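Thanks for coming. I have one structure to go through today, and I will take it piece by piece. Please have a look at it first.

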Amino acid sequence: GLGFLGMDVNPLAVLLCKVRLGPFRAELLDERSDYLIDAIETDASSATEAKFPNINKWFSRKAIRELSRIRRAIRSEPSIWCRRFFWVCLAETARLSSNSRTSTFKLHVRDSKDLHERRSLSPALIFEQILTRNVQRYTEFAEVLEASNVIRRGCFSKHVSIRLADNRTCKEDAICDLLITSPPYGDNH
């Protein structure tokens, strides 16, 4: 129930925070999710939505095709808060369907045996499972917030600001009761 000022240099962290702010309209999100899955399933295009060096090293052709269909479907969603929710699901799907080992945050390609076994992997199916799970969690989170009386007209009732920024360069004059930072990750010094 507290107000919050958040800054992070990681765009995914900012996106996650914005999604956690709502709005909390579970029935509408569930309905929009059904439309999204239908759009993915009916998309017959094989056009690649993203191009970057070594894309075929990190994703199978099937994964590229299905991730592109998911991206097109998300981009067609008119509501920004729904799109943000769907982008979070796509981020996890891309990580789980890539050829990168998931045991580390550094990019290391799986060994050839793993790559061979993953050829039939379906990012569209993974996405649908993640979406279903996340909608359920979103609904449960909204219920907790409602019970805590911090939701007004479907939105968090306190002032919250989330920005993509480096707090070392922040010119914010806000007075804060608590400052939380994170230590370096992995082998960063």
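By salt bridge I mean a side-chain nitrogen of Lys or Arg within 4 Å of a carboxyl oxygen of Asp or Glu.

The model is predicted, so local features need pLDDT of at least 70 and side-chain atom pairs count only at pLDDT 80 or more, while totals for chains, interfaces and linings use all residues. Residues are numbered from 1 along each chain as its sequence is written, and side-chain values use heavy atoms, with hydrogens and water left out.

Now the overall layout. The chain has 7 helices and 4 strands. These are DSSP runs numbered from the N terminus, with helices being H or I of at least four residues and strands being E of at least two. Along the sequence the order is β-α-α-α-α-α-α-α-β-β-β. Taken along the principal axes, the C-alpha atoms fill a box of roughly 55 × 45 × 25 Å. There are 189 residues in the chain, and 31% of them count as buried. Among contacts (heavy atoms within 4.5 Å) with a separation of 6 or more, 75% are between residues 24 or more positions apart.

Next, the inside. Which residues touch the most other members of the largest nonpolar core? They are Leu-29, Leu-36, Phe-85, Phe-86, Phe-127 and Leu-131, in a core of 33 residues. Helices 1 (11–20), 2 (26–42), 3 (55–58), 4 (61–75), 5 (80–97) and 7 (123–147) each supply at least two residues of this core. Helix 7 gives the most, with 8 residues. A nonpolar core here is a set of buried Ala, Val, Leu, Ile, Met, Phe, Trp, Tyr and Cys residues joined through side-chain atoms within 4.5 Å. To take one member, Phe-127 touches Leu-36, Ile-37, Ile-40, Ile-70, Ile-74, Phe-86, Cys-89, Leu-90 and Thr-93, leaving aside residues up to four places away in sequence.

Back to charge. How many salt bridges does the structure hold? The total is 6. Besides the one I opened with, Arg-72 and Asp-43 meet at 2.8 Å, N to O. Arg-72 is in helix 4 and Asp-43 is in the loop between helix 2 and helix 3, so to speak a link across 29 residues. Both Arg-72 and Asp-43 are buried.

Glu-49 pairs with Arg-71, with the closest N and O atoms 2.7 Å apart. Here Glu-49 sits in the loop between helix 2 and helix 3, and Arg-71 in helix 4, 22 residues apart. Are these two buried, exposed or something in between? Glu-49 counts as partly exposed because its relative accessibility is 24%, and Arg-71 is partly exposed as well, at 27%. Salt bridges with shared partners join Asp-43, Glu-49, Arg-71, Arg-72 and Arg-75 into one network.

Glu-66, in helix 4, is another case. Glu-66 is buried yet has no salt bridge, and the nearest side chain of opposite charge, Lys-62, is 4.1 Å away. Glu-66 touches Ser-122, Pro-123 and Ala-124, again not counting residues up to four places away in sequence.

Last, the backbone. Most residues other than glycine have a negative phi, and most peptide bonds are trans. The peptide bond from Gly-22 to Pro-23 is cis, with omega near 15°, and Pro-23 is in the loop between helix 1 and helix 2. Asn-149 is not a glycine but has a positive phi of about 60°; Asn-149 lies in the loop between helix 7 and strand 2 (151–152). Arg-153 also has a positive phi, near 50°, and is found in the loop between strand 2 and strand 3 (155–156). Arg-153 counts as exposed because its relative accessibility is 79%.

Notes. Buried means under 20% relative accessible area, exposed over 50%, partly exposed in between (1.4 Å probe, protein chains only). Lys and Arg count as positive and Asp and Glu as negative; His and the chain ends are not counted.
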